[in-house]
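Visitor: Please show me the structure, and then let us go through it by question and answer.

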Amino acid sequence: MPSIFQKKPTHNFSQKPLFIFTRTNLILLFSLIIILGFLYPYLGFSKVSIFSNTQLKFQSKWRNYSLEEAVKFVGKNGKTVIVCIVSEPYMLFLNNWLISVSRQNHQNKVLVIAEDYNTLFKVNERWPGHAVLIPPVLQASSAHKFGSLGFFNFTARRPQHLLNILELGYNVMYNDVDMVWLKDPFPSLEGNHDIYFMDDVAAVKPLNHSHDLPPPGKKGRPYVCSCMIFLRPTNGAKLAMRKWIEELQEQPWTRAKKANDQPAFNWALMKNADQVDMYLLPQSAFPTGGLYFKNKTWVRETKGSHVIIHNNYILGFEKKIKRFRDYGLWLADDYYSESPLGKL
């Protein structure tokens, strides 16, 4: 008979196998993974978080990318840089313009001055080194609305950007991105002048019109366009840019007078006409939108001479795109493979 003091057998739980991965548990785990996968997009997780280190390094690189580095990179095969200034709402127009520039084999000279980080990162992700941001960053929400304070602030930075590039010793061509190149514009830059620009009047001029700065109009100043400018790194060109900056400071935007950069550009040219060597580009090659899109007779008579078309004299993104499409100049839909940025 066993003693009442005999120890009962004890169980060693540490040696008992743990059946965690039972069929039931595996089914529950698998179900949880499926549910989390379905809910993932709605839980506020960012894809960036998965690749945060890579993304942070990428963003840091381009945030610290200087204008001097950018100009040296795009100007490495010569001393000319083609500049456009772009905020995110203009990305489709940038691509359309880039396709036309690429067809003339000048895309490698292009530097996009981005006015917001989304544009900076998007361009450099697809086309490394071709976009730079010059602080401070402006609010882009109203920068595309002609006549707004945002538009004024956006365009008023232009002469300083151009002056900075001139100070680095480079020729610089500026283009608005609502333009399309039909031919290479550089052969039209005859002579060795400080600054070249195009007229912004719709009135037809003689084919052999003067290349001097046009006389003042009703507002007491000429009417040339600040949309297309070519500058050499001369004292005269730098003087014109400094005077443009001064005029913008003296004529700030107000609700009553919704200024933009172009009147100040014209005042600056007129006030320095005796110190700056200027050249008005031929109207037949560089027509304003008010002429090219509205005078079919003139277009027919000057066929073959058009170089750059500017889609101005019209407001609104959709209206501009429609007009480009109507004239076979909207390339971004069907020919995006010709752009360094690809399809946007």
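Visitor: Is Y292 buried or exposed?
Guide: This is a predicted model, in which local features need pLDDT of at least 70, side-chain atom pairs count only at pLDDT 80 or more, and totals for chains, interfaces and linings use all residues. Residues are numbered from 1 along each chain as its sequence is written, and side-chain values use heavy atoms, with hydrogens and water left out. Buried means under 20% relative accessible area, exposed over 50%, and partly exposed in between, with a 1.4 Å probe and protein chains only. Y292 has a relative accessible area of 10%, so Y292 is buried.

Visitor: Which kind of aromatic pair do Y292 and F293 form?
Guide: Rings of Phe, Tyr and Trp (its six-membered ring) pair if their centres lie within 6.5 Å; planes under 30 degrees apart count as stacked, over 60 as edge-to-face and the rest as tilted. F293 is buried too, with a relative accessible area of 7%. The two rings are 5.1 Å apart, centre to centre, with 90 degrees between the planes, and the pair is edge-to-face.

Visitor: How many aromatic pairs does a search of the whole structure find?
Guide: One aromatic cluster is formed by Y90, F93, Y292, F293, F317, F324, Y327 and W330. For the whole structure, the search gives a number of aromatic pairs: 16.

Visitor: The ring of which residue lies under the charged end of K79?
Guide: A charge sits over a ring if NZ of Lys or CZ of Arg is within 6 Å of the ring centre and within 35 degrees of the ring normal. R103 is one case, over the face of Y335 at 4.8 Å from the ring centre. For K79 the distance to the ring centre is 4.0 Å, and the ring belongs to Y170.

Visitor: What is the order of the strands in the open sheet?
Guide: Helices (H or I, at least four residues) and strands (E, at least two) are DSSP runs, numbered from the N terminus. Two strands pair if DSSP finds at least two bridges between them. The sheet has seven strands with mixed pairing, in the order 3-2-1-4-7-6-8.

Visitor: Which are the edge strands?
Guide: An edge strand here pairs on one side only. That holds for strand 3 and for strand 8 (278–280).

Visitor: In which sense do strand 1 and strand 2 pair?
Guide: Strands of a sheet pair through backbone hydrogen bonds, either parallel or antiparallel. I82 stands opposite V110 in strand 2. Strand 1 and strand 2 share five bridges, and the sense is parallel.
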